[in-house]
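Hi there,

Here is the structure I promised to pass on. Have a look at it first, and my notes follow below.

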Amino acid sequence: RTRPRAGILKLFIQESNMLPDDILKDLVQVAAMGEKNKAEGPLVTAVCGVEEYSYSAAQREKYKSIMQSKAPKYLRDTLGYLCKFFHELAKHSEENKMKVSNISIVIVPNLHKAYFSFPTLSTVFQTFVFDYYAIFE
């Protein structure tokens with residue numbers, strides 16, 4: 001029963017153009033800052049169930065700024081709602097085996113048609129799921 005529902009959700013994400021090119025490029029640049037240790041300053045830690053994720057406060061602010069200033073309201077609302085849903089799903093990973101990284105494996109290929117061209121897209125998505133409350137609310 002869950003497979004057809006999951007397939008419909010993946011199709012919705014794929015067909016919705018969830019991350020337009022201009023916003024995607026900005027977001028992956030922020031993720032790359034952290035991977036290249038260019039993100040300086042204090043770290044923030046987001047918790048989702050039994051998992052923790054740390055990244056720089058500067059990155060958090062940049063992600064939030066991009067979503068607030070560049071993403072249209074319908075996109076912020078839709079992506080925010082989905083990230084909140086995935087956050088809630090991952091909170092129960094001890095029971096359902098769906099950690100944030102596992103959800104990312106399933107969802108990221110559907111976020112953008114050329115997701116393979118953006119290796120840090122998975123980092124962006126996982127950050128959005130882990131730190132949903134700080135980025136979207």
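How many residues apart in helix α4 are aspartate 77 and lysine 73? They are four residues apart in that helix (residues 73–91), so about one helical turn separates them. Please keep in mind that this is a predicted model.

The side chains of aspartate 77 and lysine 73 form a salt bridge, at 2.6 Å from N to O. Lysine 73 counts as exposed because its relative accessibility is 52%, over the 50% cut-off. Aspartate 77, at 41%, counts as partly exposed.

Helix α4 also holds lysine 91 and glutamate 88, three residues apart and separated by about one helical turn. These two form a salt bridge as well, with 3.4 Å between the closest N and O atoms. Lysine 91 is partly exposed at 38% relative accessibility, and glutamate 88 is partly exposed at 27%.

The structure has four salt bridges, including one between the side chains of aspartate 131 and arginine 60 (2.7 Å, N to O). That pair links distant parts of the chain, 71 residues apart: aspartate 131 lies in the loop between α7 and α8 (132–136), and arginine 60 in helix α3 (residues 57–69). Both aspartate 131 and arginine 60 are buried.

Helix α7 (residues 121–130) is mostly covered, with nine of its 10 residues buried; among them are Phe125, Phe128 and Phe130. In the loop between α6 (100–111) and α7 sits proline 119, which is exposed at 69% relative accessible area. Its C-alpha is 9.7 Å from that of alanine 31, although 88 residues separate proline 119 and alanine 31 in sequence.

Terms used: Residues numbered from 1 in each chain as written. Predicted model: local features only at pLDDT ≥ 70, side-chain atom pairs only at ≥ 80, totals over all residues. Heavy atoms only, no water. Buried < 20%, exposed > 50% of the residue type's maximum accessible area, 1.4 Å probe, protein only. Helix = DSSP H or I, 4+ residues; strand = E, 2+ residues; numbered from the N terminus.
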